[in-house]
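Try each one before reading its solution.

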Amino acid sequence: MNRKIPGTLGLIFGTIAFLVGIFSFSQVSYYLAAGYLLVCLFAGMLIVRVFCASCPMKGTCVHILPGYVAQFWNQLPGPYSSGKIILTGILFAIIILIPQLVLIRSLYLFVLFWICIIIAAMSSYLVLCPGCGNQYCPFRREKKEQR
């Protein structure tokens, strides 16, 4: 199976969720929407710098964009420290949890946001993580052999 398609779809659904968050904030204040945009861009770049730059697969990353951006940092691949894993988790939590403050005002946007987040996460976990060549990644799972 072409693993770039689920990688691209995961990126698209993650972007849709991010845009839904920005739209929700814009209903309250354009300044809040711009602030959330900046927070997401900053957190996203930190995730790429802290986590993706250590990946030995960044040149052929099936997540597409993060792997491409991670190549700008000339960091040698290696195991992830507990601090890197915790920081990455906190940064993802910031991106996902902050818009909940305004998403709760609209059931439709709230549901759309979470459906997109779940699809993005499941595409990685179910399709991309099994068989990934990054032996250091804490999310890596061995590909199950079909009999």
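**Exercise 1.** In which hand, left-handed or right-handed, does α1 pass α6 in their crossing?

*Solution.* Some ground rules come first: this is a predicted model, where local features need pLDDT of at least 70, side-chain atom pairs count only at pLDDT 80 or more, and totals for chains, interfaces and linings use all residues. Residues are numbered from 1 along each chain as its sequence is written, and side-chain values use heavy atoms, with hydrogens and water left out.

- Step 1: find helix α1 at residues 4-26 and helix α6 at residues 107-128. Helices are DSSP runs (H or I, at least four residues), numbered from the N terminus.
- Step 2: the axes of α1 and α6 come within 8 Å and cross at roughly 155°. That makes α1 roughly antiparallel to α6 (the term applies to angles over 145 degrees). Axes are lines fitted to C-alpha atoms, for helices over the stretch in contact, and angles run from 0 to 180 degrees between N-to-C directions.
- Step 3: α1 passes α6 in a left-handed crossing, a term used if the near helix is turned anticlockwise from the far one by less than a right angle.

**Exercise 2.** Work out how α2 and α4 are arranged relative to each other.

*Solution.* 

- Step 1: helix α2 covers residues 30-50 and helix α4 covers residues 82-97.
- Step 2: their axes come within 9 Å and cross at roughly 160°, and α2 and α4 are therefore roughly antiparallel to each other.
- Step 3: this crossing, too, is described as left-handed.

**Exercise 3.** Which residues make the nonpolar surface patch of about 400 Å²?

*Solution.* 

- Step 1: a nonpolar patch joins side chains of Val, Leu, Ile, Met, Phe, Trp or Tyr within 5 Å, from residues with over 30% relative accessible area and no salt bridge (a side-chain nitrogen of Lys or Arg within 4 Å of a carboxyl oxygen of Asp or Glu). Areas come from the Shrake-Rupley method with a 1.4 Å probe.
- Step 2: the members are Ile-5, Leu-9, Ile-12, Ile-16 and Leu-112.
- Step 3: helix α1 gives the most, with four residues, while Leu-112 lies in helix α6.
- Step 4: at 37% relative accessibility, Leu-112 counts as partly exposed (buried is under 20%, exposed over 50%, partly exposed in between).

**Exercise 4.** Is Val-20 buried or exposed?

*Solution.* 

- Step 1: locate Val-20 in helix α1.
- Step 2: its relative accessible area is 7%, so Val-20 is buried.
- Step 3: Val-20 and Trp-114 are 94 residues apart in sequence and 10.0 Å apart in space, C-alpha to C-alpha.

Notes
Patches are made of residues with over 30% relative accessible area and no salt bridge: like charges are joined within 9 Å, nonpolar side chains (Val, Leu, Ile, Met, Phe, Trp, Tyr) within 5 Å. Helices (H or I, at least four residues) and strands (E, at least two) are DSSP runs, numbered from the N terminus. Buried means under 20% relative accessible area, exposed over 50%, partly exposed in between (1.4 Å probe, protein chains only). Angles under 35 degrees count as roughly parallel, over 145 as roughly antiparallel, 65 to 115 as roughly perpendicular and the rest as oblique.
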